[in-house]
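The sequence and the model are shown below.

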Amino acid sequence: MSVTPEKFGDVSRRTLLQRAAAAGLLAVPAAGLLSACAGSEPSKSDDGGGAAKSKDNPFGVKDGSAVKVVVFNGGLGDQWAKEDKVVFNAKHPNVTVNMSSTQKIKTEEQPKMATQPSDLVMNSGADMMDRSTLINEGAIEPLDDLLTAPAWDSEGTVADSLLPGTVADGTQNGKFYVVNVAYTVWGNWYNAALFKKEGWTAPTTWDEFFALAPKIKAKGMAPYVHDAVHGYYPRWALFASIWKAVGKQAVVDIDNLKDGAWKADGIVAALEPWEKLVKDKLLLPGKLDHTQSQQAFLDGKAAFIQVGTWLKNEMAATIPPGFEMTISDYWSKSGDKAAKDVFASSGEGFVVPSKAPNKEAAKEFLRAILSKAGSAKFAELTKSLASTKGSGDNVQDTALASANALMKNGSSDLISVKFPDFYADLDKESQNLSEELMAGRLTAQQFVDKMQAAADKVAKDSSIKKQTRTA
């Protein structure tokens with residue numbers, strides 16, 4: 001979903017991506033960057049204020065105004081956003097939507113933040129802007145008024161229309177800043193058609209996986225493949241295992257930099273199956289990135305891959321005929337405290353720059369994105385859930401159906417990790433260490449020791465603003 005789920009806690013995938021250094025985010029851009037922007041002041045015609053407010057126009061968007069929307073064109077593509085433009089203009093035909101797509105969000109949008117930013121920016125992908133820095137520097141607008149606005153085409157408020165966790169995922173320092181429009185479910189993917197043919201049963205526990213692995217290898221396949229280039233990919237699976245093993249409170253303690261949080265009983269044991277997977281040579285050899293590893297899975301070179309529900313859309317062009325892409329939950333161990341908790345969260349976050357010339361229209365466009373009509377198109381086109389309730393109800397697709405089933409069978413608690421959104425340096429270190437563990441250069445114990453040391457360093461640094469997670 002994103003190549004997904006800022007989220008770790010965006011988790012979605014691309015929100016978990018590489019973070020920019022906090023220093024100088026909003027410094028005045030160099031002359032060369034400024035020269036790429038047309039003018040230093042927004043034109044009067046782009047001022048969205050002044051229109052009468054109503055249920056259908058709660059922010060007072062003015063006819064004749066224009067709104068500039070920038071979309072991240074990654075694993076989910078951008079056609080869904082073009083459909084949202086149609087939804088928006090059906091209600092606001094006299095507002096011009098200037099939409100563009102890119103994978104270079106930070107490169108292209110960050111230099112404009114202090115001068116003439118776009119009105120609405122999808123801050124996602126490997127080249128995303130650091131969320132905490134944007135918030136701490138006052139560069140993006142709080143959007144609590146969006147949550148209390150009427151839903152576009154359903155009863156209640158916008159907040160009422162959203163799936164669990166979406167508001168919390170976009171909230172920091174007690175305010176709502178990031179509108180995550182995609183809802184990602186993570187887990188282990190396999191080809192159900194292949195498993196039926198071979199008479200294999202998809203494992204639900206690590207013991208079942210290790211028992212099945214020799215049968216998979218006997219067919220000339222690797223049991224598992226993963227992205228060995230981007231550290232946030234394996235980290236999703238590692239932290240899902242930690243949560244399942246030790247429960248929510250232990251992860252909350254990790255996010256809150258509690259002294260010794262990484263030393264909690266059960267954390268090392270949670271990671272030992274991953275260490276064994278590597279040591280037993282159950283991984284497909286080679287340093288593959290996300291699309292290469294996903295293609296290897298589709299080509300039948302590996303039986304399982306762990307990613308989010310953006311997988312089908314991202315690889316749509318190369319899925320073989322008859323391939324039944326199916327997701328199952330991350331495997332658990334005997335004695336896990338939260339074995340039924342599912343890793344699912346909102347991602348692909350939109351932000352409204354504080355200096356945007358038409359914030360009113362930006363918020364109104366977000367209402368359109370989160371509408372029933374817009375979210376249904378999103379699910380249809382991406383084969384992934386939107387963060388609006390019911391988005392996938394009418395989509396006939398095996399991959400999406402398996403994700404829906406996984407959600408329905410899960411507990412009420414959703415796995416989420418917040419420190420990647422809180423601390424850029426700790427985020428990067430966790431990615432590096434995840435790569436090292438999955439490359440066999442660290443044991444589970446060494447991974448935990450190094451993560452504790454990295455967390456201690458952040459906790460003791462008085463120059464770093466500390467964040468607190470309560471739920």
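Ser434 is in contact (heavy atoms within 4.5 Å) with Gly231, Pro234, Arg235, Leu238 and Phe447, leaving aside its neighbours within four places in sequence. Ser434 sits in helix α19, residues 424-438. Helices (H or I, at least four residues) and strands (E, at least two) are DSSP runs, numbered from the N terminus. Ser434 counts as buried because its relative accessibility is 0%. Buried means under 20% relative accessible area, exposed means over 50%, and partly exposed lies in between, with a 1.4 Å probe and protein chains only.

The model is predicted: local features need pLDDT of at least 70, side-chain atom pairs count only at pLDDT 80 or more, and totals for chains, interfaces and linings use all residues. Residues are numbered from 1 along each chain as its sequence is written, and side-chain values use heavy atoms, with hydrogens and water left out.

Leu442 belongs to the loop between α19 and α20 (444-460). Its relative accessibility is 10%, so Leu442 counts as buried. Not counting residues up to four places away in sequence, Leu442 touches Leu433, Glu436, Leu437, Phe447 and Lys450. Leu442 and Glu275 are 167 residues apart in sequence, yet their C-alpha atoms are 8.3 Å apart in space.

Another loop residue, Ala114, lies between α4 (105-109) and β3. Ala114 is classed as partly exposed because its relative accessible area is 25%.

The expected span of a helix is 1.5 Å times one less than its number of residues. Of the 15 residues of α10, 15 are buried, so this helix is largely enclosed by the rest of the structure. Gly247 follows α10 and has a positive phi, near 90 degrees.

Helix α9 (residues 206-218) has 13 residues and reaches 19 Å from its first C-alpha to its last, close to the expected 18 Å. α9 bends by about 30 degrees at Leu212, and a proline, Pro214, follows within four residues. The bend at a residue is the angle between axes fitted to the seven residues ending there and the seven starting there. Trp206, Phe209, Phe210, Leu212, Ala213 and Ile216 are buried in α9. The buried residues of α9 pack against α8 (192-198), β7 (222-225), α10, α12 (267-279) and β8 (302-308). Gly220 comes after α9, with a positive phi near 80 degrees.

**Strands**

Two strands pair if DSSP finds at least two bridges between them.

| Strands | Direction | Bridges | Partner residues |
|---|---|---|---|
| β6 and β8 | antiparallel | 4 bridges | Trp189 and Ile305 |
| β7 and β8 | parallel | 3 bridges | Ala222 and Ala302 |
| β3 and β10 | antiparallel | 2 bridges | Met122 and Phe350 |
| β6 and β10 | antiparallel | 6 bridges | Asn180 and Gly349 |

β8 is mostly covered, with 7 of its 7 residues buried. Strand β10 (residues 344-351) is also mostly covered, and 8 of its 8 residues are buried. Strand β6, residues 179-191, pairs with β8, and β6 also pairs with β10.

β1, helix α3 (residues 79-91) and β2 make a right-handed β-α-β unit. A crossover is right-handed if, with the strands pointing away from the viewer, the path from the first strand over the helix to the second runs clockwise.

**The nonpolar core**

Which residues touch the most other members of the largest nonpolar core? They are Trp80, Trp262, Phe304 and Phe350, in a core of 143 residues. Helix α10 (residues 232-246) supplies the largest share of this core, 11 residues. A nonpolar core is a set of buried Ala, Val, Leu, Ile, Met, Phe, Trp, Tyr and Cys residues joined through side-chain atoms within 4.5 Å.
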